[in-house]
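Welcome! Here is a short tour for anyone starting out with protein structures.

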Amino acid sequence: MIDKVRVHEVATEMGIASKDVINKATEMGLVVKSAQSTVSMEDAEKIMNYIMNGDTPEPKKDAKKPAKAKKAEEKIQEIEETKEEAKKETKVQEKSKDEPKKEQNTKEEKTKSEKEVKKDTEVKETKTSKKEESSNQDEPKIKTVQVPKKKIGGLKIVKKKKTVASTSSSNDDFDVPQKQPKVSSYGKMSAEVLEELASKKKTKKETPVSKKDTGTKIDIFGGSMAEVSMDMDDQVTLLDLNATERAPLEPEQPRKPKQPKPIGRNSNKGKNAGRGRKVSRDKRKKYTKEKQVEEVVTHVEIPEDIRVYEFAEKLKRPMSDVIKVLFDLGMMMTKNDFLGSDEIEVLSDEFGVEVTIIDPKDEFNYEEDLAHDVEEDPNAVKRPPVITIMGHVDHGKTSLLDAIRSAKVTEGEAGGITQHIGAYTVEQHGEPITFIDTPGHAAFGAMRQRGTDVTDIIIIVVAADDGVKPQTEEVIKIAKDSGAPVIVALNKMDKETANPDLVKGQMAEHGMTSVDWGGDVEFIPLSAKTGMGLDDLLENILITAEVLDLKANPKVPAKSAVVEASLEKGRGPVATVIVQNGTLKVGDNIVCGSSYGRVKALIDENGKQIKSIGPSHTAQVAGLDTVPPSGEVLMAVSSDKEAKEYAHKRYEYDRHKELSKSTKSTLEDMTAMIAEGRLKTLKVVLKADVHGSLEALKSSLTDLRNEEVKVEVISTGVGGITENDVELASASDNCVLLGFNIRPTGSVKALAKQRGIEIRNYSVIYQLLDDVTNMLTGMMDLKFTEENTGQADVKDTFKTPKGMIAGCTVVDGKLIRGGLVRVIREGVVIFEGELTSLKRFKDDVEEVGNGYECGVGIKGYDDVQVGDVIETFKKVEQKVEL
Ligand SMILES: Nc1nc2c(ncn2[C@@H]2O[C@H](COP(=O)(O)OP(=O)(O)OP(=O)(O)O)[C@@H](O)[C@H]2O)c(=O)[nH]1
């Protein structure tokens, strides 16, 4: 049990300097020497009472000091708990029905009182009366109106009748240790905050009637605390950490003389310009400070992610007020911490501010601003379907895409040089079909992530000779989640080992049952190798599209999705897009995330320049200022200005988000970072063909560390390297992308090159580990050992225009040129540096052996003295090993 407290704890509790507490204690006749001195709880209370209220304590003859103190603390605990509960209940407005009536009434009154005071204060503030100003200007002690600000610590007299019997049981309940850290944590909050609080207290201290001055502060428990105390049968002096004084509010009203001042001053430029009164420099200072406090904010719009200091700025309140409120409610937060929804709710209640959480993305949501509702559009006409092909590695996605393309695209396109642009359109019986030509689900994932799902139909390729594999399962899940209709391409049917029924059975187990098995999924047997079944597939696509009744209006400004994008020599940023609605034309002003520009050229999959592309058609767009990410929405806007504005806002948002992210992680990982702070980290994004190797590699990589370097695997995954992996790697410093038994596709390679990310592919585990070990070794600091060559005694010194020369005799080993030198005086190294000259008589020499005399010049050191010892040495680089 703690029955003594240190002076500095009392000071911290009150938010004033320990010195002041010592002074006051001394005035009271207590012997307190330093901030570390201890006083009994009772004395602490007396001191605080004296400081807060100016009450000189009456000497008490009660011998049961500790018991009393204990009891007092116990009551604090009780009452604080009641207050906590009441606060919560008032804020959340959830009233527990089974609580005693008295308590409920108490709470209600608290809430009422709080609200009334808040209202009262707000009204007062807004109606700053000029009369008040003149009538109160001479009052020395002025408090600014700090709307529903919480009070600082005080004392509360709680009536109790019974003498405290030293009841051990109640003492057991008393949780002093819990309190102590609270106080000390508070002390650690921040110098800024404490200063602010201390200054407030100081002002109070100077005023004999300070208690009343604080009436501007709101006691959120109102008079209810008195009721709580009345329930008790005893009387103790409580250290009230949260409540303000019980002083009535009335006397405070005239105590707002300074309030009009800032307003008068504020309006200096216009009306009411301070009435020509001279304002001293100091007062002006006060004005500026108070003006800030007085601005009452009743409604704020804040983003979901907001830090404590940002919130305070929005409320135009000192950060310390916000931190204090949080602290009083048991939430230890620093200015950079992010507020959660609970904290925001609490703060909005405390400060009487209506908070609206806004989505900053609304600022640049061009997609929504310029959206055309195709469903409702009478001018919407049929558009071609957009297809994505997915499947397990080596099941034939690329082959199928190539087969369809070579079979269909080049027809009638004589002379056209086909090129990969990430998407292409083929025709089946004159009906266009667009394929997203990026095998795998990388682009699909990126688009879905950004909500730009252009895919109308998904084709899942399953090799008929291999069946459902892990990636097939993944793809099934993706397809199901997307809700897009699925057609299963049973590939490699030309193979003798093909077993379509086996595949159908496996697929049915995953909820994809073939139509001929009574399900609703079309299974098309085909061979990308021979071209067998391709027409069937295309026919089925058209039928499915027909059912989907896909529409778009080609007459509106274009909305399109980026399939892939890159920086191309001579053309700058180039994005392959699929138009979802409208028509994209050369010359259109466009915005695409944080990129913008004007369509300079549209190039189709045959490398031909075209003037425009309509719905579901695809082309490469040149003209953006930066390379947009896959999946971004590219839209035509009415002006260059509009495009620029959207892009700029988005850029700012992204930047802010990135900063927030880093701050967040910094805070979250603080402890780890402190522990690992000195470690240099090689970050790794690891992709492997199968889970087994992935796990083995991950654990081996994590084991590669010593006291200086380590590997941090920031992402792992089974399957090919995707653009996301590249983006992830490029977002972190010191990051490599490692692939095991996989290979990156063209677009990923291009992106990696563009982002400057190295992709290393391996097929042997120990080669991968060796390489990483070498990389880590390269990150380690070079280590050197010293090799002393010899020593010489300084016999004489000579001043020369080039500096001091020491005339020496070598007494051990040899002095060498080109090495480093050390001057030793009486066994102590007094200088270490470079040797500039080494001469025998007038000749420069490389070395001077034992017993010989020589002249030694030391770079930047002229203080060499007779009797010193000069030593030359070499630093030899050591091989560092992990
Ligand atoms: N016999 C036969 N072989 C095929 C067929 N389709 C693809 N292949 C072969 O299967 C192998 C893999 O084909 P890809 O098209 O590269 O498979 P993928 O799914 O794109 O593979 P990743 O790009 O690695 O994911 C290649 O050797 C193809 O020649 C087919 O219909 N019949």
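L490 stands opposite P525 in strand β15, a handy place to begin in this predicted model. Four bridges join strand β14 (residues 486-491) to strand β15 (residues 522-525), and the two run parallel. To get from β14 to β15, the chain passes through helix α21 (residues 500-509), making a right-handed β-α-β crossover.

**Strand β14 and its other partner**

- Strand β13 is also joined to β14, by six bridges, and these two strands run parallel.
- Helix α20 (residues 470-482) belongs with β13 and β14 in a right-handed β-α-β unit.
- How many of the residues of β14 are buried? Six of its six are, so to speak, under cover: the strand is mostly covered.
- V486, V488 and L490 point one way from β14, while I487, A489 and N491 point the other way, and all are buried.

**The largest nonpolar core**

- The largest nonpolar core has 80 residues, and I460, A489 and I590 touch the most other members.
- Strand β13 (residues 457-463) supplies the largest share of this core, with seven residues.
- Setting aside residues up to four places away in sequence, A489 touches L400, I459, I460, V461, I524, L526 and L537.
- Another core, of 26 residues, lies apart from this one, and its members include L682, L737, Y762 and L768.

**A helix with a buried face**

- Which residues of helix α16 (residues 341-350) are buried? They are E343, V346, L347, D349 and E350.
- Looking down the axis of α16, you would find its buried residues within an arc of 160 degrees, so they line one face of the helix.
- Here is a general rule to keep in mind: an α-helix has 3.6 residues a turn, so residues three or four places apart point the same way.
- Just after α16 comes G352, which takes a positive phi of about 60 degrees.

Definitions and conventions. Residues numbered from 1 in each chain as written. Predicted model: local features only at pLDDT ≥ 70, side-chain atom pairs only at ≥ 80, totals over all residues. Core = buried A, V, L, I, M, F, W, Y, C linked by C-beta atoms within 7 Å. Buried ≥ 20, exposed ≤ 12 C-beta atoms within 10 Å, placed from the backbone. Contact = placed C-beta atoms within 7 Å. Pairing = 2+ DSSP bridges. Right-handed = clockwise from strand over helix to strand, strands pointing away. Arc of directions from axis to C-beta.
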